[in-house]
Amino acid sequence: MTEAPSISNDRADESWEAKALWFRSLSFEARMAIFNDVTELILSQQPDAIRNKPHAEPAPGRIQVLAEA
């Protein structure tokens, strides 16, 4: 059973880890809806955002996300 959305005033809920857990709890459709909304917001403010970087380059080396254990 999933928890109903709620409002929290706890600072711990604002950590990157808490946000990642929240995002991970969303369905694929909900994640794509957020991605679409953010993309539309960026393009509404900077319509040339896509045209400014026509050739995307991969990041050099490996990217690792480290968390304190």
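Helices are DSSP runs of type H or I with at least four residues, strands are E runs of at least two, and both are numbered from the N terminus. With that in hand, welcome to this predicted model, where local features need pLDDT of at least 70, side-chain atom pairs count only at pLDDT 80 or more, and totals for chains, interfaces and linings use all residues. Residues are numbered from 1 along each chain as its sequence is written, and side-chain values use heavy atoms, leaving out hydrogens and water.

The protein chain has 2 helices and 0 strands. Of its 69 residues, 0% count as buried (under 20% relative accessible area; exposed is over 50% and partly exposed in between, with a 1.4 Å probe and protein chains only).

Now look for a nonpolar patch on the surface, formed by Trp22, Phe23, Ile34, Val38 and Ile42. Helix H1 (16-25) and helix H2 (28-45) each supply at least two of the patch residues, and the largest share, 3 residues, comes from H2.

Trp22 sits in helix H1. The structure holds 1 aromatic pair: the ring centres of Trp22 and Phe23 are 6.3 Å apart with planes at 50 degrees, so the pair is tilted (centres of Phe, Tyr or six-membered Trp rings within 6.5 Å; planes under 30 degrees apart are stacked, over 60 edge-to-face, the rest tilted). Phe23 counts as partly exposed, at 34% relative accessibility.

Notes: Patches are made of residues with over 30% relative accessible area and no salt bridge: like charges are joined within 9 Å, nonpolar side chains (Val, Leu, Ile, Met, Phe, Trp, Tyr) within 5 Å. Accessible areas come from the Shrake-Rupley method with a 1.4 Å probe; for residues, only the protein chains shown count as cover. A salt bridge is a side-chain nitrogen of Lys or Arg within 4 Å of a carboxyl oxygen of Asp or Glu.
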